[in-house]
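Hello,

Here is the structure we talked about handing over. Please open it first, then read the notes below it.

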Amino acid sequence: MNSNTQAQAPKKRTQWWFLLHSWLAMPIWLFLFFICLTGTIATVSQEIVWLFDSSVRANPPDNAGEMLTFDEVIEVVEREAPGAYVAEITRPVKSQFALTAEISYPDSTSENVFINPYTGEIQGRAASGFNFRQFVRAIHGWLLIPFNTGFTRYSFGWYMVSVLGIPMLLSLITGLVVYKKFWRGFLHPRLRVNRGARVFWGDFHRLAGIWSIPFILIISVTAIWFMIQGLLFEAGVPFNGASQAPVFVPRDEVPVAEQGRPPLITPDQAIAAVNQRYDNVEAQVLRLPGTAFGHYRVLGRSQAFPLVHESFLVNPYSGSIDEAMRVGDQPGLMFTRLSMRALHTGDFVGLSLKLVYFFFGVLLTMMVFSGMRIWMTRTFKTTQAAIRQKKARVKAIGDSA
Amino acid sequence: MSNATTKKGRKTDSRWFRWRFHLSGLLMLIPLVLAPFYIELMSVFGGASGLGARHIGTQAAGPWQITLAEQFEQAPKLDGPAGYMKTFNAALCQTCAEQVKAVYLRLGKPRSLRTAGVIGFGSPYHMSFSMPVPENTALDAELWLTLEGWDGSLQQVQWPLRQASPATIEFLQQQQEL
């Protein structure tokens, strides 16, 4: 009898793990499903726009030469929209996307214009602010609940979503505990399609689960980080490091000019200044000075560590580089924040990785669904069985009476 | 008869048993309900609807002209340790955009250029000012805009706060009653 209880102990423990695994996502499965689905769409939202809107495509002509430089983008805007103010230029390199310039008009409206990177033709315009890409991200990331409402500084939805990282991570761990010798599933994959829904979804759940171990780990850990990031922000912890005050051009370095705005160095000159001093910087985004005391900000993804982008502030009057944030210069928290975000979105290599993220996103979304299906069929059957037993008992009592 | 009622009871129990696990789906209503507000908010941020939610007016400042708007018709918002902040937007006329080096905004008359207030950030056609509003601000306070030319010349215009942002006046009244 003693040996019998010893043998039962591990079984009971497994059952307990199994119960935990079953209950982790069940009460929230539909919400989790929605978040996984919107997240999966968000991964490829830019590509979806590309599919439906030809104006955001790069469309190289037959005799495609060099891509337009930043200066040439400004020339295009000045020619097509005289008097407009250019705020930011995005110039994707080796990409299927058009150049984007964010411009502001004298009537105080603003637009994103999409420029063919080879011909300089303005292919399309979109009001800045609302766009599909940002909309999907906002649904997925914070359910459109506004930020800074006085209750929390981040959106409350941010926490509702990011807290899901915890049950997701626990589901992964408990799932691997209850799936005995799960590594065998890699060698002997099993997906029985002809044995009914319960068997199919069970096989699918396990097969997709083991192949998604790294993906689920990445998504859940980064989601938990997003929650921590929000809480740190609420607590007033500075991400840029306490010593990082905003950098401005000192007043005495800003020239006085009788004839209006003095000439600034051009964007290409600013980028050349960065490239002269630093190796391996590929400028992808250029922000023009926001005030008379502001800098050109040159942003590029690090070639050595693509999870983090690098940023340089170039004095628009003297061309001196007043701040350089390379990978190694980022304070620890900022480094973590940038890396975690890139890992979560999968947007740091290009289309290929985005498609991988999309694929595993679909799998994860279906895992939430299949988990629910398994739970429902099993639990429903158990409940039915329990009711039948009870009925039989009642009947037996009635018969004997 | 009693058997029938228990049967019925079990039936609803079972349905409730199944459906309560889908209730979290109701959270999907949040983005659905908030979508119009989100779209409205983005159009204000993006400047698609112009300078801001509420135009305050246009004034001549010496040779220049400046238009002021409230970004939202709302009370100042608490922004952590920075205290209560209120966002105004301003636009320079197209001809003077090239002449004006910077625009500053503050509550009350500045004593010098050093204390002219927060600097307008962004396009000269859509400068944004995030201005601190102390809770003890007088209800008859004035908004002072200081325009600094590239040639070093200074121009000032003011708006009564009551006219510039009734929502802020309401907020201050509430704060000061407490």
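Predicted model: local features only at pLDDT ≥ 70, side-chain atom pairs only at ≥ 80, totals over all residues.

**Helix α5 of chain A and its surroundings**

Which residues of α5(A) are buried? They are Val136(A), Ala138(A), Ile139(A), His140(A), Gly141(A) and Trp142(A). These buried residues pack against three helices of chain A: α2, α3 (45-52) and α6 (156-162). They also pack against α2 (29-45) of chain B.

**Where the chains meet**

The contact takes 44 residues from chain A and 46 residues from chain B.

**Domains of chain A**

Chain A is assigned two domains. Domain 1 covers 2-236 + 349-380, and domain 2 covers 263-330. Taken over C-alpha atoms, their centres are 29 Å apart. The contact between them takes 13 residues from domain 1 of chain A and 11 residues from domain 2 of chain A.

Which elements give two or more residues to the domain 1 side? In chain A, they are α4 (70-80) and β1. β1(A) gives the most, with five residues. The residues on this side of domain 1 divide into eight nonpolar, two polar and three charged.

**Domains of chain B**

Chain B is divided into domain 1 (2-44) and domain 2 (51-177). The centres of these two domains of chain B are separated by 46 Å, again over C-alpha atoms.

**A helix pair in chain A**

Now look at α10 (residues 213-234) and α12 (residues 332-345) of chain A. Their axes come within 9 Å and cross at roughly 140°. α10(A) and α12(A) are therefore oblique to each other. The crossing of α10(A) past α12(A) is left-handed.

Which residues meet there? From α10(A) come Ile218(A), Ile219(A), Thr222(A), Ala223(A), Trp225(A) and Gln229(A). From α12(A) come Arg337(A), Met340(A), Leu343(A) and His344(A). The residues of this contact divide into six nonpolar, three polar and one charged.

Best wishes

Methods. Residues numbered from 1 in each chain as written. Chains lettered and ligands numbered in written order. Domains from an automatic or database assignment. Axes fitted to C-alpha atoms, helices over the stretch in contact; angles between N-to-C directions. Helix = DSSP H or I, 4+ residues; strand = E, 2+ residues; numbered from the N terminus. Parallel < 35°, antiparallel > 145°, perpendicular 65-115°, else oblique. Left-handed = near helix turned anticlockwise from the far one by under 90°. Contact = placed C-beta atoms within 7 Å. Nonpolar A, V, L, I, M, F, W, Y, C, P; charged D, E, K, R; others polar. Buried ≥ 20, exposed ≤ 12 C-beta atoms within 10 Å, placed from the backbone.
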